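Morning, everyone. Please have a look at the model on the screen, and then I'll walk you through it.

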2 protein chains.
Amino acid sequence: MADRTASSAFVPGHITGFFTVHRTDDPLESGSRGAGLTLTDGVTVEVRPTEEPTVEIDGEPVDIESVTRVLDALDVDAAVSVETDLPLGSGFGLSGGMALGTALAANEVFDLARTENELTSIAHRAEVEAGTGLGDVVAQARGGMPIRVEPGGPSFGELDGIPVAGRIECLTFGELSTPDILQERPGLITEAGSTALESLLERPTADRFMVASREFADSVGLVTPAIDEVFETVDENGGTASMAMLGETVFALGTDLSGAGYDPLVSAIDVTGGTLLE
Amino acid sequence: MADRTASSAFVPGHITGFFTVHRTDDPLESGSRGAGLTLTDGVTVEVRPTEEPTVEIDGEPVDIESVTRVLDALDVDAAVSVETDLPLGSGFGLSGGMALGTALAANEVFDLARTENELTSIAHRAEVEAGTGLGDVVAQARGGMPIRVEPGGPSFGELDGIPVAGRIECLTFGELSTPDILQERPGLITEAGSTALESLLERPTADRFMVASREFADSVGLVTPAIDEVFETVDENGGTASMAMLGETVFALGTDLSGAGYDPLVSAIDVTGGTLLE
C-alpha cells in the first residue's frame, strides 16, 4: 500500500498426483485436469526494479523461462530473487511457483493494479508457453488440495478442492527429465488421468486422492525402480505412497513414509495459496 | 484423515465495503456483487457429534439460524462451539463465517466426503435462506480482499481478488439492525454498488477499494452520526475510512484510524480463507 523498493510473495509447492493433457492454440485455454496438493514449503520471491534484469535462486544466477516471460508480459525490468527449501526438477511445481510469485510481487512493487485472476492468468500463460507445466499455477493460486475440474487459466478452467489439513511427507531421489511418454502418448496420460479424476470425484477425500494417484502412477509407466521400492515398503506397512508428477519424488499423507522407516522431508498442506508478503 | 471425536475450522471475518442485491427463487443463484476484505480475526468453529444439537458462542448458548440450516442440510446432529474475538451484529460477517466453519468441521468429523465448493454452497444457501447475508460466505471461502464479480454460490458466482497484504484497523460502535432501506429500496443499493464496483474494476487496488467503499457508504444513507464523525476526523488527517456493511463499524487500511487518534481493533488481511484446522 506504500511506495516500496522491493516486494515479496510466497507461493506453495505443488505436487500433482494425476493429470490430463489439454493443449490448444490459446495458452490460457490449455491446461490439465487432475488433482494435487500444495505444501507449506514453497518459494519466496522478491522482486526489485532494476535496469538489468536478473533471476537467482538461493543466490545463484539462473535462467527460468516462466519468470522471464512473466516480466515481459508485465513489461517491467526487475531483479528476481527466489528462496526455496524444495529441490528443483523434482515435481514440486517450482517453475509455476516462481512465475506466480514474480507476478504477485511485481504487481505490488511496480503498482500495476492487476487483479489476482489477471496475475494468475499471466503466470499460467508463461508456464504453458515455456513448456514447463500445465496445471501447477492455478492450483498454487488456490492452495489446499486442489482439484482441477476443468483445464485452463482462471477465465477457462474450473477448480474445486478437498477440505483437508495435516502433515505431508516427501522423499526425493533426484531430477527426472520430462519422459518421452508425455510427448509421444499424451492420450494415454489423459485416459489414465480422467479415470483417476472420476474415481476422486466419486468420493473426494484425501485417502481417495492417494489411491487414485497411485493407480495413475502405476498405469502410466513412469515409476522408477527407486520409487517402486518405496511403494512396496510403504504398502507392506499399511500405508499409501504415490509419485509426484513429474519428478523422482514419493509423497504420502501423515507419517506413511517415516512410519515405514524412511527419513522424509516433512511438510504440511498449505492453506494460503500464492500470496503477497507484507 | 483419522477418526475424530471433534473437528475444528477457522473462517476469517469479512467486512463488505459495498454491494448489490440479487435475489432469485434459487438461493444458490441469489447473492451480491461487490467487494470487501477478510480479516485474520474470525471464527473458530468446533463440531462434535451429539444426540442433542446445541450451538454456543464463547460458551453462551445461542440460536444461529445459518448454523442450524447447515447441520440440517448435512443431515447431522452436532454440538457446535464458536470462539471469536469479533463482536456480533457489527458487520464482520460472523453468521456466514459460522455457517462455513460448521460445514467444514462437520464434513471432517462425520466423514461426509464433500468438496470445498459443495460445503461453500451449503453455507451460502443457509445464509441466504436465513436472511442474514448474501455475499459473505463466498468471500470468506476465498480470503484476501475478494471482489464478487458475479453474484451467487460457487456454481453461479464469479470471484476475483485484489492482491494485498497488511494491517487493517476497525472501530465498532455497536450493533446495527438491518436498515429499512435494504428492504424498501434494494434498487438504490444495487445502483450505488454497481457504480462502486465499476470504479474498483477500473483500477483494482486497495486504495481504490477504500475510496469506492466510502462513496458507497455516503451515497446510500447508512452512515450514522458516530461513524460520520470518525470519517471527518480521518479525512482531516489525510486518511480514508469507510463503513462495514452492515454494522456500526468503521474500518481503514494501515494506521489511518490510530493515526487520527482512535484506539481501534488491530487486525490484518487474511490469506487463508475458510480452512480446516488440524
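Let's start with charge. A:Glu65, A:Arg69, A:Arg125 and A:Glu129 are linked in a network of salt bridges. By salt bridge I mean a side-chain nitrogen of Lys or Arg within 4 Å of a carboxyl oxygen of Asp or Glu.

A word on ground rules. This is a predicted model, where local features need pLDDT of at least 70 and side-chain atom pairs count only at pLDDT 80 or more, while totals for chains, interfaces and linings use all residues. Residues are numbered from 1 along each chain as its sequence is written, chains are lettered from A and ligands numbered from 1 in the order in which they are written, and side-chain values use heavy atoms, with hydrogens and water left out.

Back to the network. One of its links is A:Glu65 to A:Arg69. Their closest N and O atoms are 2.8 Å apart. The two sit four residues apart in helix α1 (residues 65-74) of chain A, so about one helical turn separates them. Helices here are DSSP runs of H or I with at least four residues, strands are runs of E with at least two, and both are numbered from the N terminus.

Buried or exposed, or in between, for A:Glu65? A:Glu65 counts as partly exposed, at 37% relative accessibility. A:Arg69 is partly exposed too, at 31%. The cut-offs: buried is under 20% relative accessible area, exposed is over 50%, and partly exposed lies in between, with a 1.4 Å probe and protein chains only.

Now chain B. B:Arg69 and B:Glu65 form a salt bridge, with the closest N and O atoms 2.8 Å apart. They are four residues apart in helix α1 (residues 65-74) of chain B, so again about one helical turn lies between them. B:Arg69 is partly exposed at 31%. B:Glu65 is partly exposed at 39%.

Another bridge in chain B joins B:Arg167 to B:Glu169, at 2.6 Å between the closest N and O atoms. B:Arg167 is partly exposed, at 32% relative accessibility. B:Glu169 is buried, at 0%.

How many salt bridges are there over all chains? The structure holds 20.

Next, the interface. Which residues bridge from chain to chain? B:Arg203 and A:Asp111 do, through a side-chain salt bridge of 3.1 Å, N to O. Between chain B and chain A the count is four salt bridges. There are also 14 residue pairs in polar contact, both residues at pLDDT 80 or more. A polar contact is a pair of N or O atoms within 3.5 Å; within protein, one must be able to donate a hydrogen and the other to accept it, and residues adjacent in sequence count only if both atoms are side-chain atoms.

On the chain B side, α2 (94-109), α3 (116-130), β7 (158-162) and β12 (275-277) each supply at least two residues that touch chain A. The largest share, four residues, comes from β7(B). By class, that side has 15 nonpolar, eight polar and ten charged residues. Nonpolar means Ala, Val, Leu, Ile, Met, Phe, Trp, Tyr, Cys and Pro; charged means Asp, Glu, Lys and Arg; the others, Gly among them, are polar.

The contact takes 33 residues from chain B and 33 residues from chain A, with contact meaning heavy atoms within 4.5 Å. The buried area is about 2800 Å², and carbon and sulfur atoms give 55% of it. That area is the accessible area (1.4 Å probe) the two parts lose on being put together, summed over both.

Last topic: aromatics. Eight aromatic pairs turn up over all chains. Rings of Phe, Tyr and Trp (its six-membered ring) pair if their centres lie within 6.5 Å; planes under 30 degrees apart are stacked, over 60 edge-to-face, and the rest tilted.

Take B:Phe18 and B:Phe216. Their ring centres are 6.4 Å apart and their planes at 50°, so the pair is tilted. B:Phe18 lies in strand β1 (residues 7-19) and B:Phe216 in helix α7 (residues 206-220) of chain B, so the pair ties together parts 198 residues apart in sequence. B:Phe18 is buried at 0%, and B:Phe216 is buried at 1%.

B:Phe19 pairs with B:Phe216 as well, tilted, at 5.6 Å centre to centre and 55° between the planes. Both B:Phe19 and B:Phe216 are buried.

Over in chain A, A:Phe18, A:Phe19, A:Phe209, A:Phe216 and A:Phe251 form one aromatic cluster. Thanks.
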